[in-house]
Amino acid sequence: MVKPSPSYRVFQGVNGVILTLVVIVTLYPFVNIVARSFSGERQIRAGEVTLWPKGFNLTTYKIVFQDAMFWRNYGNTVLYTVVSTAVAMLLTTCYAYVLSKRHLKGRTALIGIAVFTMFFTGGLIPNYVLITTFGLKNSVWAIALPNAISVFNLLVMKAFFESLPTELEEAAQIDGLSTYGILLRIVLPLSKAVVATMVLFYTVSYWNSWFSAFLYMDRTDLMPVTVYLRNIIAGATTGGNAGATDAQLSQVGASIQAVTIVLTALPILCVYPFVQRYFVSGVMLGAVKG
């Protein structure tokens, strides 16, 4: 075993210090937000809350949780995220697999069409008219279809598929597998890392999205929880604050932003550890050329 040189030890020490500082700077805002969500109004307004709750208070959480509309909108968010992610993964995977075939006629044009949409869009009003014309308003498809393919995710998956040995597909063809059979039984099982990474990307994107629902949904009971929480911050809630006392409303006003951030981010934070091990390898394998 080679003994590390003094200069390398210094590098390790400096590197460790810098990374530790980066972790602290990154985690501090999240810990502070969680602490504020459980703190009392006076302590929050006085700026006394740092890393630990002060004046422990659950009033805001209780007011939000007691509102039936909150749970309805939360269920909508889960539905929209699951359906939209499934549609996005289906379309992105099929499109990326097609683009990974270098012998495909018109491949350059198809890639150009995809890249073109990264820089130019139809605009807000034409999109709204299009969704309305097709009768997609007030449905999950108004959220799932307009942004079903992320070009960045598409190009990452395309690069990953291109890195797979062509001999595997040739052997599968000799064994009689169809194109879809090769994709489902050969390619996708070898692509778990990049698939898990893309699922995470799409899930986070759709979970945090609120503008599409705000634009295409007319009924409150169809809104996702992000719009519900956005309305709370904007002071537009109806059911959640009904019957609340002045003290409760004051507490809500002080901690509502922290509570909404915690409630919105919590599900993603719970899911992320299960796919984190695929994250780095999925992105790197899809981006590095051999």
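The questions and answers below treat salt bridges, pockets and aromatic pairs in turn.

User: What kind of model is this, and how are residues numbered?

Analyst: This is a predicted model, in which local features need pLDDT of at least 70, side-chain atom pairs count only at pLDDT 80 or more, and totals for chains, interfaces and linings use all residues. Side-chain values use heavy atoms, with hydrogens and water left out, and residues are numbered from 1 along each chain as its sequence is written.

User: How many salt bridges does the structure hold?

Analyst: Side chains of opposite charge can pair when their charged atoms come close. Here a salt bridge is a side-chain nitrogen of Lys or Arg within 4 Å of a carboxyl oxygen of Asp or Glu. By that rule, the number of salt bridges in the structure is nine.

User: How far apart in sequence are K137 and D218?

Analyst: K137 and D218 form a salt bridge, with 3.2 Å between the closest N and O atoms. K137 lies in the loop between α6 (124–133) and α7 (141–144), and D218 in the loop between α12 (211–216) and α13 (225–233), so the pair ties together parts whose separation in sequence is 81 residues.

User: Which residue pairs with K101 in a salt bridge?

Analyst: K101 sits in the loop between α4 (68–99) and α5 (107–119), and its partner, 68 residues away, is in helix α9 (residues 166–174). The closest N and O atoms are 2.5 Å apart, and the partner is E169.

User: What is the volume of the second largest pocket?

Analyst: On a 1 Å grid over the protein atoms alone, a pocket is an open set of points with protein on both sides within 12 Å along at least five of seven lines, and lining residues have an atom within 4 Å of a point. This pocket is lined by 14 residues, and among those nearest its centre are K101 and E169. Grid points are joined across faces, edges and corners, and a volume is the space filled by probe spheres set on the points. For the second largest pocket, that volume is about 340 Å³.

User: Which helix supplies the largest share of the lining of the second largest pocket?

Analyst: Helices α8 (151–163), α9 and α10 (179–187) each give at least two residues to this lining. The largest share, four residues, comes from α9.

User: What is the angle between the ring planes of F152 and F201?

Analyst: Rings of Phe, Tyr and Trp (its six-membered ring) pair if their centres lie within 6.5 Å; planes under 30 degrees apart count as stacked, over 60 as edge-to-face and the rest as tilted. The count comes to 19 aromatic pairs. F152 and F201 form a tilted pair, with 6.4 Å from centre to centre and an angle between the planes of 40 degrees.

Terms used: On a 1 Å grid over the protein atoms alone, a cavity is a set of points where a 1.4 Å probe fits but cannot get out, and a pocket is an open set with protein on both sides within 12 Å along at least five of seven lines; lining residues have an atom within 4 Å of a point.
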